[in-house]
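Please look at the sequence and the structure before reading on.

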Amino acid sequence: MKWLPTIARLALLALLVAFVTSPGWFEPLLKPLTENNAPAIYNQGSLLTLTLLHLRTVAIATLAAIVVAVGLAILVTRPFGAEFLPLSRSLVNIGQTFPPVAVLALAVPAVGFGEKPTLIALFLYGLLPIFENALTGLTTLPANVVEAARGAGMTPAQRLVKVELPLALPVMLAGVRLSVVISLATATIGSTVAAKTLGEVIIAGLLSNNLAFVLQGGLIVAAIAVLIHDGFLALERMAARRMGRER
Amino acid sequence: MGTRFDKLGAVIAAIAAYACLFAPFATFRANRIVPGEARSMLESLPPAAGWALMAIVTAAALVALLRTPLMLRLGASLAALVALAVLIGVAGSFLTPQDNTYARVSPAHGFWLLVFAFTLLLADVLTRLALSPWARMLTLAGAAACLGLLLASGSWDSLSILREYAGRADSFRAEGGKHLTLALGSLAAAAIVGLPLGILCHRVDALRAGVLNVLNVIQTIPSIALFGLLIAPLGWIAAHVPGAAALGIRGIGTAPAFLALFLYSLLPVVANTVVGLAGVPRAANDAARGMGMTGRQRLLRVELPLALPVILTGIRIVLVQNIGLATIAALIGGGGFGVFVFQGIGQMAMDLVLLGALPTVALAFAAAIVLDAVVELTSIRKSEVPS
């Protein structure tokens, strides 16, 4: 019984890979959903390419967001940037009330259509959960550990790299997970501003009234999101175990 | 030397200086889709107003830059924001040629940067003032009243966003109503189903992990994918279950959007109900039992009131999330402010995008402030009750 969830996830992964690499195999399953002999498998581009582009967009935006958000969190938790700490907390709260779609749509006038507004929206919106969690991680460290590090004669830089960041890692990873899940969803909507992502399949299905497209696009995106979410949860558990902070 | 300057103020002053001197204040377009021509602050306003705005912005930036009393900073940020709000309307009528209904004047990025800079200052002051919940709601009401006054006075009527609005005032109201119905209706449905489900999960251990896992997976599925996945089953129900179509259940439109928002809303409601009930002190429960309360009395008079702040936090998450997600319902014909956003994207008319996006942001923001205040008020009351 304990292995059941793992096996289910592996099966889902295998199914996902099979679907995006050889969608033809699944045509008979989707055919009943189409009308007037419409194609059952997305035919305006390769599903594999779209999947990889989707993942690439999310990866680029998330990596940039991690660098900036963790950098900012480190800055406002040092004595130099302490003045910004209360404001940055309220800014994150305000920022998170902005709907991702609004951020996406508002980026278009600034940079035009295509992948750019999507990357900007993903980056800006991805910053918030990572920053918030990095802040939580860095401000709720056990005081005795930090004291001990100071007592051992570590410099502030050593304390940050060897003690504070590793201890905050599990909480930061949770922030990255939230950010990635939101980004996967926002990237899907990105195809309304002409970014090449899996949203294209769903939108094409909605426009041509082709349920098979809508369903396959939705299923691929949903499977990717669930698998990545679970992957991050496993990573967090590993990081927490290594830090001796059992969750 | 270094201590006499405010670090945040330095950032604000730098943004304001750049916005005043190098960035365009307004954009003029001969019609709604041609590329615009940038106009600086002094070009967009009558000379007296232009210099007055320049002076107000400079003075407010100086107040921000130096270490000044909190109340002065509050006054400076408010003065700058009000001046910007009033004068962008003046710029609109100043730049639009007489009797020209095709020309469009919209705020350019210099204006938005200035608004951003002084909102930052205002946010910093309000954070440091640490207002009480009631004061925060009053501030929000005041801001809403000012906004309403500006809109009603017609001083913004020459701006492009309101030109877009003027052409579709009726559909704006209709879509706004649909947006609220979707966001609030699905929240109400989620509360009606989620609260009992949460209570059940709290009582029955075997159920808890399973239900929360399923809801977690649903929450992970991207919105447009979930909307899409619901179209097929709802379409099937509409076609095969007698009476379903008459109830408004259809594959496309409001039904899948409502159902998707409802499903997304369940996790925060159920999870927070479980967490809230689990956090009820054992002593309170024992005391209630000692007084001879029945299980139902304990639930209604002790457990739920004590868990209320946590449950309300869940409701707050749901409401803010739903107001944002309802925008996407427009893609499957569900209506809402998203209609304008996606129409605007399709026509490359950014003012139309703003017409859909700005009310959504304002609604989500107001909902967050009000519910945060309510959460705080309920937790204060709880701690005043002698335990």
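## Domains of chain B

Domain bounds here come from an automatic or database domain assignment. For chain B that assignment gives domain 1 (2-167) and domain 2 (169-384). Their centres, taken over C-alpha atoms, are separated by 35 Å. The contact between them draws 13 residues from domain 1 of chain B and 14 residues from domain 2 of chain B. Two residues count as in contact if their C-beta atoms, placed from the backbone, lie within 7 Å.

On the domain 1 side, strand 3 (104-107), helix 6 (133-153) and helix 7 (160-167) of chain B each give two or more residues. Helices (H or I, at least four residues) and strands (E, at least two) are DSSP runs, numbered from the N terminus. Helix 7 of chain B supplies the largest share, five residues. By class, this side of domain 1 of chain B has seven nonpolar, two polar and four charged residues. Nonpolar covers Ala, Val, Leu, Ile, Met, Phe, Trp, Tyr, Cys and Pro; charged covers Asp, Glu, Lys and Arg; the others, Gly among them, count as polar.

## Basis of the model

The model is predicted: local features need pLDDT of at least 70, side-chain atom pairs count only at pLDDT 80 or more, and totals for chains, interfaces and linings use all residues. Residues are numbered from 1 along each chain as its sequence is written, while chains are lettered from A and ligands numbered from 1 in the order in which they are written.

## Sheet of chain B

Chain B has an open sheet of three strands in the order 2-1-3, with antiparallel pairing. Two strands pair if DSSP finds at least two bridges between them. Strand 2 (37-39) and strand 3 of chain B are the edge strands, each pairing on one side only. From one strand to the next, the twist averages 30°.

Strand 1 (residues 26-29) of chain B is joined to strand 3 of chain B by four bridges. B:Phe28 stands opposite B:Val105 of strand 3. Helix 4 (residues 70-95) of chain B lies across strand 1, strand 2 and strand 3 of chain B, and runs at about 155° to strand 3. Axes are lines fitted to C-alpha atoms, for helices over the stretch in contact; angles run from 0 to 180 degrees between N-to-C directions.

## A helix pair in chain B

Helix 8 (residues 169-203) and helix 13 (residues 295-325) of chain B pack at about 150°, with axes 9 Å apart. Helix 8 of chain B brings B:Ala183, B:Ser186, B:Leu187, B:Ala190 and B:Ala191 to the contact; helix 13 of chain B brings B:Ile315, B:Val318, B:Leu319, B:Asn322 and B:Ile323. By class, eight are nonpolar, two polar and none charged.

An unreviewed UniProt entry places "domain: ABC transmembrane type-1" at residues 51-232 of chain A. UniProt positions follow the numbering used here, feature names are shortened, and annotations may be inferred rather than shown by experiment. In the model, residues 51-232 of chain A are 82% helix and 0% strand. The unreviewed entry also annotates "transmembrane region" in chain A, including residues 120-146 and 167-191. Residues 120-146 of chain A are 89% helix, with end C-alpha atoms 36 Å apart. Residues 167-191 of chain A are 92% helix, with end C-alpha atoms 38 Å apart.

The contact between the chains takes 38 residues from chain A and 36 residues from chain B. Helix 10 (211-242) of chain A is among the contributing elements. This helix 10 gives the largest share of the chain A side, ten residues. The chain A side divides into 29 nonpolar, eight polar and one charged.
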